[in-house]
Amino acid sequence: MNVSVVAPGAIQLVGIKVVGRRSELSHRVPLAWLELLSRLDSIPGVVDRDVFHGCVPGSDHAQEDTDPVYQYWVTTAVRAVAALPDGLKALAVPARTYALTPVQGGAEAIDAAYVQVAQWLDAQGRRSDAESFVLERYDQRRQRVTPPYERFDYDLLTPLCP
């Protein structure tokens, strides 16, 4: 399995919170990415203009509904939170340990990565932390955050229970 354990430091993020049923997010999230990119110059202290994070509360993945409501944050890392432009919010992600799983390939690679990390967690006797954010780290040098999404190449970071 292509899963590794990483422990990045705390990350201060700024972005847009999108809420909707899973079936709606495939339309809403790309629009939010487009908005965030168009406003990037107005965000003070951006760390890397090519790296972005999608963030989902871990508890959202535990929902058993067939079309659950999710929160999805489209974000960029900042050095420190300063005065934010209207409509943007800060999100602090504390330092913690994650299972990092690459997502590479077509749309089927997304579900495959979640299955892979679940199998790895089981084999390692570990659990994901539903109280923390699951992160998707996008580097635009590997994959754009805006459509069209022909091929995926990003990192899935699943928070681990201590």
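Leucine 84 lies in the loop between strand E4 and strand E5 (89-93). In this predicted model, leucine 84 has a relative accessible area of 28%, so the residue counts as partly exposed.

**Leucine 84 and its surroundings**

- Leaving aside residues up to four places away in sequence, leucine 84 touches Val14, Lys89 and Ala90.
- Leucine 84 and proline 94 are ten residues apart along the chain, and their C-alpha atoms are separated by 20 Å.

**Helix H1**

- Helix H1 comprises 17 residues (residues 22-38), and at 1.5 Å a residue the helix should span 24 Å. The C-alpha atoms at its ends are 24 Å apart, which agrees with that expectation.
- At arginine 28, H1 bends by about 30°. A proline, proline 30, follows within four residues.
- The buried residues in H1 are Leu25, Val29, Pro30, Ala32, Trp33 and Leu36.
- An α-helix has 3.6 residues a turn, so residues three or four places apart point the same way.
- The cover over the buried residues of H1 includes strand E2 (11-21), strand E3 (51-57), strand E4 (69-77) and strand E7 (133-139).

**Aromatic rings**

- A pair of aromatic rings is described by the distance of the centres and the angle of the planes.
- The structure contains five aromatic pairs. One of them, formed by tryptophan 33 and phenylalanine 52, is edge-to-face, with 6.0 Å centre to centre and 80° between the planes.
- This pair links distant parts of the chain, since tryptophan 33 belongs to helix H1 and phenylalanine 52 to strand E3, 19 residues apart.
- Tryptophan 33 has a relative accessible area of 1% and is therefore buried. Phenylalanine 52 is also buried, because its relative accessible area is 0%.
- Tyrosine 149 and phenylalanine 152 form a stacked pair, because their ring centres are 5.9 Å apart and their planes lie at 25°.
- Within that pair, tyrosine 149 is partly exposed, at 30% relative accessibility, whereas phenylalanine 152 is buried, with a relative accessible area of 11%.
- Ring pairs join Trp33, Phe52, Tyr138, Tyr149, Phe152 and Tyr154 into a cluster.

**A cis peptide bond**

- The peptide bond from proline 147 to proline 148 is cis, and its omega is near 5°.
- Most peptide bonds are trans.
- Proline 148 is placed in the loop between E7 and strand E8 (152-159).

Technical notes. Residues numbered from 1 in each chain as written. Predicted model: local features only at pLDDT ≥ 70, side-chain atom pairs only at ≥ 80, totals over all residues. Heavy atoms only, no water. Helix = DSSP H or I, 4+ residues; strand = E, 2+ residues; numbered from the N terminus. Expected span 1.5 Å × (residues − 1). Bend = angle between axes of the 7 residues up to and from the residue. Buried < 20%, exposed > 50% of the residue type's maximum accessible area, 1.4 Å probe, protein only. Contact = heavy atoms within 4.5 Å. Phe/Tyr/Trp six-rings, centres within 6.5 Å; stacked < 30°, edge-to-face > 60°.
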